[in-house]
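Hello,

Here is the structure we talked about handing over. Please have a look at it first, then read the notes below.

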Amino acid sequence: SRASKIVEVKSAQEYIHLHQKYCEKAIDTCYNFLSKVSDEIIVESFNDAIYPWGGVESSSIVLAVAPAHVLIYDSKLFFKAVKNLKNPYVKTYQDVFPFIKPVRILKLPPLTHSELLDGNTIKEKYSEKIYEIVNYLSIK
């Protein structure tokens with residue numbers, strides 16, 4: 001439950017070196033811990049990256065979220081399309097979306113700023129769509 005080692009970073013170059021050396025292992029460790037205590041885990045990408053982490057290919061589904069929409073993809077088909085691209089591990093969603101169709105597109109109602117700050121309103125407005133995603137997971 002605690003880091004085995006804490007490293008002080010003194011420069012950007014040192015950070016890059018340490019990131020390359022430890023990042024994948026750290027994410028694997030966290031994922032393995034969470035997978036033992038949770039039925040479902042959401043892996044979010046950073047900067048629209050398709051591969052935020054090497055283990056992401058084991059995902060049950062891929063969700064692409066855009067304003068007012070959630071696109072659901074079959075993960076096997078999605079990553080097959082990604083692997084057909086040159087340098088797939090550095091691609092973003094924009095690079096792959098022309099080559100694969102979602103299995104489902106969910107339209108989300110827009111929310112006002114005050115609604116976004118109210119968890120109950122978000123739950124009320126989006127619960128049906130969340131149920132659709134969970135239902136899709138259960139039939140996979």
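**What was found**

Buried residues make up 23% of the chain, which has 140 residues. Please keep in mind that this is a predicted model.

The overall layout comes next. The chain holds 5 helices and 3 strands. Read from the N terminus, the order of elements is α-β-β-α-α-β-α-α. The C-alpha trace spans about 45 × 40 × 30 Å along its principal axes. The accessible surface of the chain is about 10,900 Å². Carbon and sulfur atoms account for 56% of that surface. Now the contacts with a separation of 6 or more: 52% of them join residues 24 or more positions apart.

Helix H5 deserves a look. It covers residues 119-139. Does its length fit what a helix should span, or depart from it? The two agree, because 21 residues at 1.5 Å a residue should span 30 Å, and the end C-alpha atoms of H5 are 28 Å apart. H5 also bends, by about 60°, at Tyr 126.

Tyr 126 is also one of the buried residues of H5. As a general point, an α-helix has 3.6 residues a turn, so residues three or four places apart point the same way.

Strand S3 is where Ile 105 sits. Leaving aside residues up to four places away in sequence, Ile 105 touches His 69, Val 70 and Leu 71. Ile 105 is also 91 residues from Glu 14 in sequence. In space, the C-alpha atoms of Ile 105 and Glu 14 are 43 Å apart.

Last, the surface. Val 9, Tyr 15 and Ile 16 make a nonpolar patch of about 280 Å². Ile 16 belongs to helix H1, residues 12-37. Is Ile 16 buried, partly exposed or exposed? Ile 16 counts as partly exposed because its relative accessibility is 46%, and that class lies between the 20% and 50% cut-offs.

To find your way around, begin at the bend in H5 at Tyr 126. Go on to Ile 105 in strand S3. Finish at the patch made by Val 9, Tyr 15 and Ile 16.

Best wishes

Technical notes:
Residues are numbered from 1 along each chain as its sequence is written. This is a predicted model: local features need pLDDT of at least 70, side-chain atom pairs count only at pLDDT 80 or more; totals for chains, interfaces and linings use all residues. Side-chain values use heavy atoms; hydrogens and water are left out. Patches are made of residues with over 30% relative accessible area and no salt bridge: like charges are joined within 9 Å, nonpolar side chains (Val, Leu, Ile, Met, Phe, Trp, Tyr) within 5 Å. Accessible areas come from the Shrake-Rupley method with a 1.4 Å probe; for residues, only the protein chains shown count as cover. A salt bridge is a side-chain nitrogen of Lys or Arg within 4 Å of a carboxyl oxygen of Asp or Glu. Helices (H or I, at least four residues) and strands (E, at least two) are DSSP runs, numbered from the N terminus. Buried means under 20% relative accessible area, exposed over 50%, partly exposed in between (1.4 Å probe, protein chains only). The expected span of a helix is 1.5 Å times one less than its number of residues. The bend at a residue is the angle between axes fitted to the seven residues ending there and the seven starting there. Contact means heavy atoms within 4.5 Å.
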